[in-house]
Amino acid sequence: MRFDGAHDFDDIAAHGGGSVADPLYSVRFTSRERWGEAGADGEVMHVDLFERYLEDPQ
Amino acid sequence: MTADHHHPAELAPIEARVAAIESVLVEKGVLDTHAIDAIVQHFEDNLGPMNGAKVVAKAWTDPAYKERLFSDGTAAIAELGFEGPQGELMIVVENTPTVHNLVVCTLCSCYPWPTLGLPPKWYKAPAYRSRAVREPRKLLAEMGTDIPADVEIRVWDSSAEARYLVLPMRPDGTDDMPEDQLAGVVTRDSMIGVQRL
């Protein structure tokens, strides 16, 4: 995971809600995590996600 | 030559629409034609993969620069004068003998303009955008780039905020090349990650 600082939250800005900052992370998923058995080994994906999209794994 | 040779070729619908919008904006004084010409000129002359190639060549020859590139890609790239729209947050990812990086924009066409210019057509195609996520190794093989099974493929999904530049591995046999000559061996596709040098 990589932290990229706070950025305007797109879902609010795009709907005319103005500038609302939210922490932005680059989160890594393995192919197996995303696709289960249909996935492949040795392939990972990094996706930018705002903090409010994330859930506490606990 | 036919009698109507001075008529321009028929415009595609999108070209006609853009031309109509442009002429209305110019007529109303919203747009200045010189400004449009300057912007088009800038994209033609100053933006393109040759900028990214200079970044890569410098990273290959200057270890301190390479370190700065990874700690703050945006600032290190700006050192060479490459900055601006669609490059506000630049992340540089390094290919190694065990890791191959691939850049995509699953949502649309996010791409690092200051270092690579405008994206190629295939980069915006739904097939590339979906298969880069679902089966990147197979996609790369079909594009002519075989990544050995023991090399991890890392796919980076570009966004409105972050843009990526792949630092390819320096090819064998280039030890004696000076930096400007090295930049000449760096291709656009290698900096997107669909090619190995």
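A residue is buried if 20 or more other C-beta atoms lie within 10 Å of its own, exposed if 12 or fewer, and partly exposed in between, with C-beta atoms placed from the backbone. This is a predicted model, in which local features need pLDDT of at least 70, side-chain atom pairs count only at pLDDT 80 or more, and totals for chains, interfaces and linings use all residues. Residues are numbered from 1 along each chain as its sequence is written, and chains are lettered from A and ligands numbered from 1 in the order in which they are written.

**Chain B overall**

- Chain B has ten helices and four strands; helices (H or I, at least four residues) and strands (E, at least two) are DSSP runs, numbered from the N terminus.
- Starting at the N terminus, the order of elements in chain B is α-α-α-α-α-β-β-α-α-α-β-β-α-α.
- Along the principal axes, the C-alpha atoms of chain B fill a box of roughly 60 × 40 × 35 Å.
- Of the 197 residues in chain B, 32% are buried.
- Among contacts in chain B with a separation of 6 or more, 71% join residues 24 or more positions apart; two residues are in contact if their C-beta atoms, placed from the backbone, lie within 7 Å.
- Chain B is divided into domain 1 (13-45) and domain 2 (49-192), with bounds that come from an automatic or database domain assignment.
- The C-alpha centres of domain 1 and domain 2 of chain B are 31 Å apart.

**Helix 1 of chain B**

- Helix 1 covers residues 13-27 of chain B, and its first and last C-alpha atoms are 21 Å apart, close to the 21 Å expected at 1.5 Å a residue.
- The expected span of a helix is 1.5 Å times one less than its number of residues.
- After helix 1 of chain B comes B:Gly29, which has a positive phi near 80°.

**The core and helix 3 of chain B**

- The largest nonpolar core has 42 residues, and B:Val56, B:Leu102, B:Val104 and B:Val155 touch the most other members.
- Helix 3 (residues 49-61) of chain B gives the largest share of this core, six residues.
- A nonpolar core is a set of buried Ala, Val, Leu, Ile, Met, Phe, Trp, Tyr and Cys residues joined through C-beta atoms within 7 Å.
- Helix 3 of chain B is largely enclosed by the rest of the structure, because ten of its 13 residues are buried.
- The buried residues of helix 3 of chain B include B:Pro49, B:Lys54, B:Val56 and B:Trp60.
- Helix 4 (63-71), helix 5 (73-79), strand 4 and helix 10 (188-192) of chain B are among the elements that cover these buried residues.
- Not counting residues up to four places away in sequence, B:Val56 touches B:Leu167, B:Pro168, B:Val186 and B:Met191.
- The end C-alpha atoms of helix 3 of chain B are 19 Å apart, which agrees with the 18 Å that its 13 residues should span at 1.5 Å a residue.

**Strands of chain B**

- Strand 1 (residues 90-94) and strand 4 of chain B pair in the parallel sense over five bridges; two strands pair if DSSP finds at least two bridges between them.
- B:Val92 stands opposite B:Leu165 in strand 4 of chain B.
- In a regular strand the side chains alternate between the two faces of the sheet.
- Strand 4 of chain B is covered on both faces, with B:Arg163, B:Leu165 and B:Leu167 buried on one side and B:Tyr164 and B:Val166 buried on the other.
- Strand 2 (residues 99-104) and strand 3 of chain B are also parallel, and they pair over six bridges.
- In strand 3 of chain B, B:Val155 is the residue opposite B:Leu102.
- Five of the six residues of strand 3 of chain B are buried, so this strand is largely enclosed by the rest of the structure.

**The loop residue B:Met169**

- B:Met169 is in the loop between strand 4 (163-167) and helix 9 (179-183) of chain B.
- With 15 other C-beta atoms within 10 Å, B:Met169 is partly exposed.
- Leaving aside neighbours within four places in sequence, B:Met169 is in contact with B:Asn95, B:Thr96 and B:Leu197.

**Where chains A and B touch**

- The contact takes 13 residues from chain A and 15 residues from chain B.
- Strand 3 of chain A gives the most to the side of chain A that touches chain B, with six residues.
- Four bridges join strand 3 of chain A to strand 3 (residues 152-157) of chain B, and the two run parallel.
- A:Val44 has B:Arg154 as its bridge partner in strand 3 of chain B.
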